[in-house]
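This report goes through a few local features of one protein model. Please look at the sequence and the structure first.

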Amino acid sequence: MTQSSRDRATADDAGRGEPGRRVSPRDVAAAEELLSAGRLSVEGRLVQASNATLYCSVERDGLAAACVYKPVAGERPLWDFPDGTLAEREVAAYEVSKAMGWATVPPTVHRDGPYGPGMVQLWVEPDPDIDLVALSRSDDEAVRRMAVFDAVVNNADRKIGHLLPPGDGHVYGCDHGVCFSVDYKLRTVLWQWRGKPLTPEALDALGRVDAAMRGPLGARLAELLTPDEVDATRRRVELMLKHRIHPYPPEDWPAIPWPPL
């Protein structure tokens, strides 16, 4: 869902005139219900995305929103991830985000759509006045939370364009289809905290995930990932709590995605 200026202009034009009260990503319950049960209408396509990524409007009972729909049928095969699993990985990343309590990922669901089952995620429009390159290199606490989240989900593709700052101080992230590998594949532009101590806030968030992995989160991830992937997620959280530092780049895997934007 990397958004170029052209993508954003197209999205703005397509989203005008949608009926009903707009749903905010902070209104999680309403957003999840709308995304799950609303009428989904395809408005356009984000042509720069590597997989089929459709810009849509969704409406139900006077509520409306823009969203992204990624049908499983439009996923390109990858050598290192099983076919047809990217949509479920996106939903799994959202579930981890909720457990951490940071709202790092916009509300995301798995549902049927016009082109079959897939991932549907609330659209977050980034503030065009924010320099994403500068933000990605900064010491911003919201970006640091993203780095911790990426380490938990083992994100293999954190590009600069996957940061979505709406301009209110929060930073959302998108494109989490290549997460949760059993092998250590963390590949990100956010290495400025490597080896540094985790903040007390991060340790609290990791503690919440650790507890939730033995309860509702673990059960939910078991519906979306393989048993080995769930176990690997649990081990990553345990290691971060044990060593209390941001992870280092892998030695046998490219540390930065290409292209980084």
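Is Thr188 buried or exposed? The model is a predicted one, and in it Thr188 has a relative accessible area of 3%. Buried means under 20%, so Thr188 is buried. Thr188 belongs to the loop between β8 (172-173) and α6 (200-213). Beyond the residues up to four places away in sequence, Thr188 touches Asp150, Arg158, Ala255, Ile256 and Pro257.

Thr104 is buried, with a relative accessible area of 3%. Its contacts, leaving aside neighbours within four places in sequence, are Ser97, Met146, Phe149, Val171, Tyr172 and Gly173.

**Aromatic pairs**

How many aromatic pairs does a search of the whole structure find? The search finds two.

| Pair | Distance between ring centres | Angle between planes | Arrangement |
|---|---|---|---|
| Tyr55 and Trp123 | 4.9 Å | 90° | edge-to-face |
| Trp79 and Trp253 | 6.4 Å | 50° | tilted |

Tyr55 lies in strand β3 (residues 54-60), and Trp123 in the loop between β6 (116-122) and α4 (132-136). This pair therefore ties together parts that are 68 residues apart in sequence. Both Tyr55 and Trp123 are buried.

The other pair, Trp79 and Trp253, is tilted. Trp79 lies in the loop between β4 (63-71) and α3, while Trp253 lies in the segment after α8 (227-243), so the pair ties together parts that are 174 residues apart in sequence. Trp79 counts as exposed, at 72% relative accessibility. Trp253 is buried, with a relative accessible area of 16%. Lys185 lies over the face of Trp79, at 4.8 Å from the ring centre.

**Backbone details**

Which peptide bond is cis? The bond from Trp258 to Pro259 is cis, with omega near -5°. Pro259 is placed in the segment after α8.

Asp61 is a residue other than glycine with a positive phi, near 50°. Asp61 is found in the loop between β3 and β4. At 66% relative accessibility, Asp61 counts as exposed. Ala103, also a residue other than glycine, has a positive phi near 50°. The loop between α3 and β5 holds Ala103. Ala103 has a relative accessible area of 36% and is partly exposed.

Technical notes: Residues numbered from 1 in each chain as written. Predicted model: local features only at pLDDT ≥ 70, side-chain atom pairs only at ≥ 80, totals over all residues. Heavy atoms only, no water. Buried < 20%, exposed > 50% of the residue type's maximum accessible area, 1.4 Å probe, protein only. Contact = heavy atoms within 4.5 Å. Helix = DSSP H or I, 4+ residues; strand = E, 2+ residues; numbered from the N terminus. Phe/Tyr/Trp six-rings, centres within 6.5 Å; stacked < 30°, edge-to-face > 60°. Lys NZ or Arg CZ within 6 Å of the ring centre and 35° of its normal.
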